[in-house]
Amino acid sequence: MSRFWSPFVKDLVPYVPGEQPKVENLVKLNTNENPYGPSPLVVDAIQAELNDSLRLYPAPNADALKDEIARYYGVQPSQVFVGNGSDEVLAHIFHGLFQHGKPVLFPDITYSFYPVYCGLYGIESAPQPLREDFTIDPADYRQANGGIIFPNPNAPTGVGLPLAEIEVILAANPDSVLVVDEAYVDFGGDTAISLVDRYPNLLVTQTLSKSRSLAGLRVGLAVGHADLIEALERIKNSFNSYPLDRLAIVGAVAAFKDQAWFDQTRKAVMRSRDALSAALTERGFEVLPSQANFVFARHGSRDAAELAQGLREQKVIVRHFKLPRIDQFLRITIGTEAQNAALLAALDTLL
């Protein structure tokens with residue numbers, strides 16, 4: 001702590017990202033990165049952009065990318081916002097769309113950046129407890145609020161909420177913005193983008209980090225009513241007019257164009273997820289039903305922290321959260337077949 005810090009900075013509790021260890025021959029299953037590389041079209045597009053044009057600023061509105069996203073989802077470009085990863089998009093949402101004076105509602109077990117943003121922007125929050133089976137209860141969101149946000153499927157549980165139940169929450173909150181954070185939706189969920197034209201208070205965020213294998217490129221997006229998007233643009237242009245560089249824009253456009261690669265890789269992840277879930281169940285784990293590229297599992301008789309440490313000693317890294325209600329769970333990213341086999345072999349030595 002420095003004497004030059006403001007009181008505001010002193011009291012911040014920042015988000016702690018997943019570990020990125022620099023260890024050789026590591027089986028890294030802790031940060032939900034896609035085990036398969038990006039589309040070859042992405043690599044080609046980025047390489048083609050590596051020229052003298054890098055001396056020029058990128059398009060501030062990333063119109064080519066917005067047009068491609070609008071085409072892909074069947075909406076208007078005015079309904080699309082893009083940013084430097086979905087975390088930046090979410091930051092602008094908390095800053096520009098959630099209201100002060102009433103609490104923002106989100107699940108008690110969810111993406112841990114939400115309370116960080118509330119602290120950053122001085123917004124009151126009221127976490128709502130998930131049911132015992134770790135599902136969201138729409139009835140909990142029938143109360144006064146300054147906004148609602150939750151991932152679907154949820155993180156770190158991987159459990160999804162049907163669109164019909166999202167509509168129940170929307171109908172009960174016509175005067176509040178509801179944000180559905182769909183970082184993992186492409187691995188088995190149904191996107192709520194299909195609802196945005198019916199609900200002007202709905203905003204859906206997504207990322208290219210997971211299902212499109214572009215975590216290193218940092219591209220996020222939001223889709224909703226044009227009025228909501230305009231608010232985000234006003235925040236963005238008061239903060240950073242060029243959040244996406246030239247490489248990110250052309251790479252993201254190419255990712256949306258290669259539907260075959262997208263389908264091939266995400267389906268491979270889903271098949272591996274189902275196989276890993278079955279294998280973990282055989283080894284005494286309870287595995288929550290996942291619609292994400294990870295599983296959330298706890299063993300019937302072994303301590304999660306001890307298992308995580310034992311796996312680490314065998315160069316297999318998974319995520320363990322030392323938090324109430326979930327301290328006995330491990331979040332395990334779906335890897336390649338070889339990585340999943342290494343995980344199971346390591347577990348067999350521990351169990």
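Student: Which residues of helix α3 are buried?

Tutor: Buried means under 20% relative accessible area, with exposed over 50% and partly exposed in between (1.4 Å probe, protein chains only). Helices (H or I, at least four residues) and strands (E, at least two) are DSSP runs numbered from the N terminus. In α3 (residues 63-73), the buried ones are Leu65, Lys66, Glu68, Ile69, Ala70 and Tyr73. Please keep in mind that this is a predicted model, where local features need pLDDT of at least 70, side-chain atom pairs count only at pLDDT 80 or more, and totals for chains, interfaces and linings use all residues. Residues are numbered from 1 along each chain as its sequence is written, and side-chain values use heavy atoms, leaving out hydrogens and water.

Student: What covers those buried residues of α3?

Tutor: The cover includes β2, β7 (202-207), β8, α7 (226-236) and α8. After α3 comes Gly74, with a positive phi near 70 degrees.

Student: What is Leu65 in contact with, beyond its neighbours within four places in sequence?

Tutor: Contact means heavy atoms within 4.5 Å. Leu65 is in contact with Val82, Val219, Leu244, Ile249, Ala252, Val253 and Phe256, leaving aside those sequence neighbours.

Student: How many residues does the largest nonpolar core have?

Tutor: In soluble globular proteins, nonpolar side chains tend to be buried together. A nonpolar core is a set of buried Ala, Val, Leu, Ile, Met, Phe, Trp, Tyr and Cys residues joined through side-chain atoms within 4.5 Å. Here the largest one has 53 residues, and Leu65, Phe150, Leu178 and Leu202 have the most contacts inside it. Helix α8 (residues 246-257) gives the most to this core, with 7 residues. Apart from it lies another core of 26 residues, including Val89 and Cys118.

Student: Which way do the residues of strand β2 point?

Tutor: In β2 (residues 80-83), Val80 and Val82 point one way, Phe81 and Gly83 the other, and all are buried. Two strands pair if DSSP finds at least two bridges between them. For β2 and β8 (residues 220-224), there are 4 bridges, and the strands run antiparallel. Gly83 stands opposite Gly220 in β8.

Student: Which residues of helix α5 are buried?

Tutor: In α5 (residues 113-121), these are Phe113, Tyr114, Val116, Tyr117 and Cys118. The buried residues of α5 pack against α4 (85-96), β3 (104-107), β4 (125-128), β5 (147-151) and β6 (178-181). Just after α5, Gly122 has a positive phi of about 65 degrees.
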